[in-house]
Amino acid sequence: MLKLTGTTNITLNINGEKRPVTVRPSETLLGILRGKLGLTGAKPGCLNGDCGACTVMIDGKPMKSCLMLGVEAPGKKIQTVEGLNGTPIQRSFIEHFAFQCGYCTPGFIMNCQSLIDTNPNAPDEIIEEWLKSNICRCTGYEEIEKAIKSVLRDK
Amino acid sequence: MTNIGKSVIRKEAEDKVTGRAKYTADYSSVGMLFGKTVISKHGHARINNIDVSEAEKVPGVRAIVAGERFPLTGEEIRDRPPIAVDKIRYHGEVTAIVVADSPSIAKKAATLIHVDYVPLPVVNSPREAVKKSAPLVHENVALYEKDEGVNPIPESNIANHTKIRKGNIKKGWDQSEVTVENNFSFPPSDHIAMETRSAIAEIKPNGDIHIKTSSQAPFMVKELLSAYFNIEVGKIIVDTPLVGGGYGGKASVQLEILAYLASKAVGGRVVKMMNEREEDLISSPCHMGLDATVKIGCTKEGILKAAELTYLVDSGAYSDKAIHLSRACAVDCTGPYRIDHIWCDSYAVYTNHPYPAPYRGFSHAEVHFVFERAMDILARKLRMDPLELRRKNAILPGDTSPTQVVLNRSTVGDVPQCIEKVKELSRWNEGQIIEVDKRYVRAKGIACVWKNSTIPPESSSGVVITFNEDGTLNLISGVVEIGTGTKTVLAQMVAEYFRMDTNDVYVRMNVDTQATPEHWKTVASRGTLMAGRAALAAAEDAINQIKDIASRVLKVRPDDLEVGNRRIFLREEPNRGLDFKEVVYGYTYPEGNAIGGQIIGRGNYILRNVTHLDPETGKGNPGPEWAVGAQVVEVEFDRRDYTYRILKAISVLDIGKVLNYKGALGQVTGAMCMGLGFGGRESFIFDQQGRVLNPQLRTYRPVQFGEQPEYIVEFVETPHIDAPFGARGAGEQGLLGMPAALGNSLSVAAGVELFHLPLIPESIWAEKEGRE
Amino acid sequence: MIPFDFEYYRPESISEAVQLFIELDQAGKNPVYFSGGTEIITLGRINVLYTNAVIDIKGIPECQVMDYHEGNLYLGSCCTLVDIEEKNLFPLLTATSKEVADHTARTKITLGGNICANLFYREAVLPFLLADSQVIIAGPNGYRTEYINQVFNQTLQLERGEFLVQLITEPDKIEAPSINIKRRRQWTTGYPLVTVAGLKLGEEIRVAISGLCPYPFRSQKMEYYINSQDFSQRDRIEKALGDVDGNVLNDTEGSDKYRLFILRNTMLDIVSTLEGERA
C-alpha cells in the first residue's frame with residue numbers, strides 16, 4: 001500500500017524523461033508541472049476542469065491536469081505539449097489559423113493528439129464530443145475544426 | 001502588392017503550438033512571493049472588523065494587507081479604494097491581500113481571514129439605482145477627485161451624464177407618423193479571456209518599480225500608478241509578454257495596483273498575483289449591463305425622423321471605465337442611419353455589481369442590441385421588411401452622425417453595399433421565416449452596425465525600426481500581442497513599404513515601457529491605424545536615411561533611388577545600387593573611411609481632428625472613422641420547446657482593406673462567436689443580495705465547440721483615406737450586431753418581441769407562455 | 001490549487017481500505033474515499049470540502065472490474081466513465097454517461113464517484129435505478145449486497161466507512177430498449193435542467209430523473225401513471241407530472257416552472273419513443 005503522509009519524493013515519467021520531484025499529496029499535476037518542473041505549456045484557465053487549457057495526455061488519454069493529483073501520476077506515461085514537436089496537428093493548427101492568443105492552444109493540441117492517436121477514423125460526432133472539453137475564446141472554432149479534420153481525414 | 005492581404009502566418013505561431021509561448025504567469029523566479037486576495041461574499045456591506053490573527057500564524061505568511069487607507073483610484077473619478085475600507089460595494093471586492101512563500105500558503109491563509117460584515121441594502125440594477133428611494137452606493141460622490149467634464153450628481157447613484165442633442169427633437173416627433181417605444185435590458189457579463197489576469201511586481205532599492213502584467217495597456221499601468229500613488233513616472237517600468245486574450249477586459253488597471261501594494265508590503269520583494277477564474281470573473285472588471293429606453297419615429301414611408309434614447313449603463317460599484325463606456329453609448333447612440341433629430345441621455349449608474357471594463361465593441365454591441373431590436377419592432381408596425389427599412393435609412397456620405405460630424409466616404413464607408421451583400425448571402429428574399437414542419441421554423445434576423453472609437457484626442461503611437469547586419473529589420477511597437485496578430489500585420493505593412501519579404505521583418509513581441517515606444521492601449525481596433533501609421537512613418541524615416549547615405553556613395557540624387565529586396569538602387573538602373581547590409585550600419589569606402597552609422601527609423605502618429613464633445617449637445621468629432629457592416633443570423637427554432645440552434649451567422653463588413661485575409665476572417669468569426677455567446681447565453685446571475693451565483697465556467701458558459709454556427713463572412717473595401725492601405729478596424733465589428741440579429745431572428749421565430757439578454761429558451765418561453 | 005494538506009493512501013485491497021478508514025477516522029482525520037477525485041480536488045480548492053486524508057481506492061482490483069460474471073454485468077466503482085463508454089457493455093449507461101461533464105473530464109470521473117457525488121445530479125445512477133441493479137458495498141462490517149432501489153434514496157445510503165465496490169446488472173435490463181435525454185439551459189453544454197432516462201421492460205416503461213429535484217430519483221407512482229393504459233399518452237404524462245413532489249429546483253439553470261415545462265415535453269419524447277418501439 002502506498003502511504004504518503006507529507007512532502008514526498010516521487011518520480012514522474014514525462015515526455016519520456018524520468019523527472020524526480022518533491023510534492024505534497026494535495027498538489028495537482030498541473031501545479032507540479034508548472035511550478036516545479038518548468039513545464040508551463042499546460043495552462044491554468046479555471047483549475048476546475050471546465051476549460052481544458054491544462055490538458056495533457058496520461059497513458060495516451062486526454063487528462064485535465066488540474067483534476068489530477070501529482071501523487072496519482074507515478075507509473076503513468078505523461079505527455080505534455082513540450083513533448084510534441086513538428087507533429088501534423090501542430091502544423092495544421094498553424095496553417096489553419098486555429099489560434100489567436102494561443103492560451104488554449106496547448107490544451108487543444110493535446111486533446112487533438114490523443115484523438116488522432118486513439119481514434120484516427122473519428123466521425124464528426126466524436127470530434128465534437130472530444131473537442132467540447134476545451135474552451136477557445138478567440139476563434140469561433142471553425143479553424144480548429146478544420147485543423148483537426150484535415151489531420152484526421154488526411155490519414 | 002505582395003504582402004498586403006496575404007494570409008501571412010503570425011510571427012509567434014511556432015511558440016504557441018509548442019507551449020513555448022510565455023504569458024505573465026509562466027514567469028517565475030526563486031524567491032518570488034505570492035499574493036492572494038480575499039474577496040467579499042456580499043453585494044453591499046459595512047466592514048465591522050477584519051480579523052487576520054489566525055492567518056498571520058500560518059508559517060510562510062510574509063505580509064497581510066488589510067484595512068489600510070490607500071489613495072483612491074479610478075480613471076475618471078477617483079472613487080475606488082484599491083483594497084476595501086469601511087465598506088464593500090460589490091460581491092468580489094478585494095478586502096485583503098496575503099503575501100506568502102507559496103501560492104498554497106497564501107491561499108490557505110486567505111481562507112483564515114475573517115471579515116465581519118454588516119449587510120446593507122443592495123442596489124441590484126441601474127433601474128433601481130436611479131429611483132429616489134435607492135440606497136447610495138457612494139455616499140459622497142461629489143467629494144471625489146475627478147477629471148474635468150465629469151459630472152456626478154450629488155446624493156444620487158449617477159456618476160455621469162452625457163447628452164446628445166441633435167436637430168430639434170420636437171420637430172422630429174411632429175414629423176413622425178409611426179413610433180415605437182420599448183424598454184430593453186441585460187445584466188453584466190464577462191470577457192472570459194482564457195488567461196486569467198496576472199501581475200508580478202517588484203520595487204527595487206532605488207525606488208524603480210517593475211511590473212510584469214497581462215495587460216492591454218502597459219503604458220496606462222505606468223501612467224495610472226504614477227498618478228494614483230504620486231510616483232515619478234519614469235520609475236515605473238512595465239513589461240507585458242504575450243497576453244492570453246483581452247477583449248477589453250485587460251485594458252483596465254486593477255491587479256497591477258494590488259501587486260504593487262503587495263510588493264510594497266514585503267519591502268519590495270517580487271510578488272506574483274494571479275486571479276483564479278472566480279476572481280477573474282467577479283473581482284476584476286467585467287462587461288457592463290444596460291437598461292435602455294428606446295423611442296424612435298418615422299414617416300409612413302419609413303423614413304426615420306426622431307430617436308429619443310435613455311441609457312442607464314450598469315457601472316457597478318466603481319466608475320472606472322464606465323463613464324467612458326456610457327459616453328460611447330451616447331456617441332453612437334443609434335444604428336448607422338440618417339436621423340435628423342436625436343435626443344439621448346446616457347448615464348453611468350452606480351450599482352452593487354462588479355464594475356465594468358471595456359468589452360470588445362466598447363458599448364456598441366450593447367447599443368446595437370437595443371436600437372436594432374427597436375428597428376425591427378418599428379418595421380413590424382410599418383408592415384415593412386426590416387431589411388428594407390434599414391436600406392432606406394442607411395447613413396451616407398453627407399449625412400451627419402449623432403455628434404453632428406458630417407460624414408464622407410472615407411469616414412463612414414458603404415452601409416448600403418453591406419446591406420445589399422448580406423441580403424444576397426443570407427437569401428433574404430426566400431423569406432424571413434420558413435416553416436420546416438409543424439414544430440420547427442427557420443428564421444432570419446438582421447442588424448446593421450457601425451463603430452467609431454471614442455479614444456482621447458491625445459492618444460498616440462510610436463514605432464522604432466532598427467536593422468540587423470544582414471539588412472533585415474526589427475520592428476518595435478508598443479502594441480500588445482493579445483491574439484489579434486497586429487504585430488504580424490505591422491510587419492506586413494513595413495515589408496510592403498520596403499518591398500521585401502515579411503520574413504525579413506523581425507518583430508519584438510514583448511512590450512517594455514522603458515524600451516518600446518508608447519502605443520496608447522491595445523484596444524478599439526486601433527492597432528492597424530495608429531501603430532500602422534507610425535510604422536510606415538518609421539519606415540519612411542529609415543528609407544530616407546538609407547537614401548541619404550546611398551546617394552553620396554552612388555553620387556546620385558536621393559529621390560532617384562528606390563528600395564526593394566533589401567537593396568537600394570537607382571530607379572533607372574536597378575543593377576546599380578547597394579545592399580542594405582552595406583549601408584544600414586554605415587557605409588565603408590574601400591580605403592576604410594566610413595559614413596553614416598546605424599540606421600534607426602522612428603515614426604509616430606497622433607489622431608487628428610478628434611475633439612472633446614460639447615457638454616450640452618454632444619457635438620464634436622469622437623474618433624477617426626466608422627467601420628460599418630450588416631449582419632444576419634439564421635436560427636432553427638423549436639416551437640414546442642422554445643429551444644433553438646444557430647444555423648448561420650453572416651457578416652458583411654466594410655473593413656477598408658483586408659490586410660491579412662485569414663487573420664481578418666479569424667477576427668471576425670471569433671468576434672461573431674463571442675457576440676452570439678453574449679446574446680444567447682452569457683450573463684451574471686444575481687441573487688437578491690447582489691451576489692453572483694455563477695462565477696465559474698461550468699455555470700457561466702461561453703460558446704463551446706459544436707455550438708457555433710456556420711460562418712459566412714464577406715468584406716467590402718471602401719478605403720479609410722487616413723489609414724495605412726485604407727484599412728479600417730476589424731477586431732470588433734464582427735461582434736456588434738450578433739445579439740441584435742439573434743434577437744431579431746428569435747422574435748420572428750417565436751412570434752413575440754424579445755427585450756432582454758441573454759436569449760435563453762426559458763426567457764422566450766416566459767415571454768410567450770410564462771405570463772399566462 | 002488545494003489550500004490545505006492531506007495524507008494520501010492507496011490501498012490494494014478492500015480490507016486494507018476499510019481498515020485504513022477506521023484508523024484514520026479514529027485519529028480524527030476525517031478521511032474520504034477518493035476514486036476519480038475530481039470533486040475532492042475542485043470542491044477542496046474552493047473550501048467546500050475539507051479532509052486530512054484521502055484513501056484512493058483505484059488500486060483495488062474489485063473496483064476496476066468491467067465484465068460479465070455468471071450472466072450478470074459487474075461494473076467496478078472506479079471504472080472511468082470514458083472506459084465504460086468505450087466498452088459499451090450497458091448501452092443506456094453509455095448514453096447517460098456521455099452527457100456528463102465533458103469527454104476529457106470523463107477520463108477521470110469514475111462511475112462510483114459520480115453516483116456518490118456531492119453535486120446532486122449523479123446522473124450515472126439513473127440506468128441502475130431503472131435496471132433494479134444490485135450494489136456491493138464494503139465497510140467496517142464487511143460486505144453487503146443490496147438492490148440499489150433499496151439503498152439509493154437521493155444519495156447512496158452508506159454507513160460511515162463504507163464505499164461502493166461494484167454494481168451488478170441483469171442482462172435482460174441491459175438489452176431492453178432504452179433512451180436518455182438531457183435538456184440544458186441553452187445549447188449543448190452545461191448541467192441539466194432535466195435528464196430523463198427511460199427503459200422499457202416488456203410492456204412496462206420505467207423512468208428516472210435527474211436535475212428536476214436536488215437529487216436523482218425513480219418514482220414508482222410516476223411509472224404507474226405512465227403505464228396505465230386507459231388514458232392517452234398526454235394524459236398519462238400529465239398525471240405522472242402531477243405526482244412530482246414539491247421539491248423542484250429553482251436555480252441558475254432554470255426556474256421550477258420552466259423545468260416542469262421541459263420535463264413534460266421530455267417525458268413525451270421518452271414515452272413516445274419507447275412505446276413507438278412496440279408498434
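The following dialogue examines how terms are applied to a predicted model.

Biologist: On what conventions does the description of this model rest?

Modeller: The model is predicted, so local features need pLDDT of at least 70 and side-chain atom pairs count only at pLDDT 80 or more, while totals for chains, interfaces and linings use all residues. Residues are numbered from 1 along each chain as its sequence is written, chains are lettered from A and ligands numbered from 1 in the order in which they are written, and side-chain values use heavy atoms, with hydrogens and water left out.

Biologist: Why is T28(A) called buried?

Modeller: Buried means under 20% relative accessible area, exposed over 50%, and partly exposed in between, with a 1.4 Å probe and protein chains only. T28(A) has 8% relative accessibility and therefore counts as buried. T28(A) lies in the loop between β3 (17–23) and α1 (29–35) of chain A; helices (H or I, at least four residues) and strands (E, at least two) are DSSP runs, numbered from the N terminus.

Biologist: Which residues does T28(A) touch?

Modeller: Contact means heavy atoms within 4.5 Å. Not counting residues up to four places away in sequence, T28(A) touches S65(A), C66(A), M68(A), L69(A), G70(A) and I41(C).

Biologist: What makes chain A as compact as a globular protein of its length?

Modeller: Chain A contains five helices and six strands, in the order β-β-β-α-β-β-β-α-α-α-α from the N terminus. Its radius of gyration is 16 Å, close to the 15 Å that the globule rule gives for 155 residues, so chain A is as compact as a globular protein of that length. The radius is taken over C-alpha atoms, and the rule is 2.2 Å times the number of residues to the power 0.38. Of the 155 residues, 66% count as buried.

Biologist: What makes chain C as compact as a globular protein of its length?

Modeller: Chain C has twelve helices and 14 strands. Its radius of gyration is 19 Å, close to the 19 Å from the globule rule for 279 residues, so chain C is as compact as a globular protein of that length. Its C-alpha atoms fill a box of roughly 60 × 45 × 30 Å, taken along the principal axes.

Biologist: Which residues of helix α2 (residues 88–95) of chain A are buried, and what covers them?

Modeller: The buried residues are I89(A), Q90(A), S92(A), F93(A) and I94(A). Their cover includes α3 (105–118) and α5 (142–154) of chain A, together with α1 (13–18) of chain B.

Biologist: What is called a nonpolar core, and which residues have the most contacts inside the largest one?

Modeller: The term denotes a set of buried Ala, Val, Leu, Ile, Met, Phe, Trp, Tyr and Cys residues joined through side-chain atoms within 4.5 Å. The largest such core has 277 residues, and those with the most contacts inside it are F93(A), L131(A), Y311(B), F467(B), F498(B) and Y644(B). Helix α15 (residues 527–554) of chain B supplies the largest share of this core, 15 residues. Apart from this core lies another, of 70 residues, among them L39(A), I58(A), I2(C) and L43(C).

Biologist: At what angle do helix α14 (residues 486–498) of chain B and α15(B) cross?

Modeller: Their axes come within 9 Å and cross at roughly 35°. Axes are lines fitted to C-alpha atoms, for helices over the stretch in contact, and angles run from 0 to 180 degrees between N-to-C directions.
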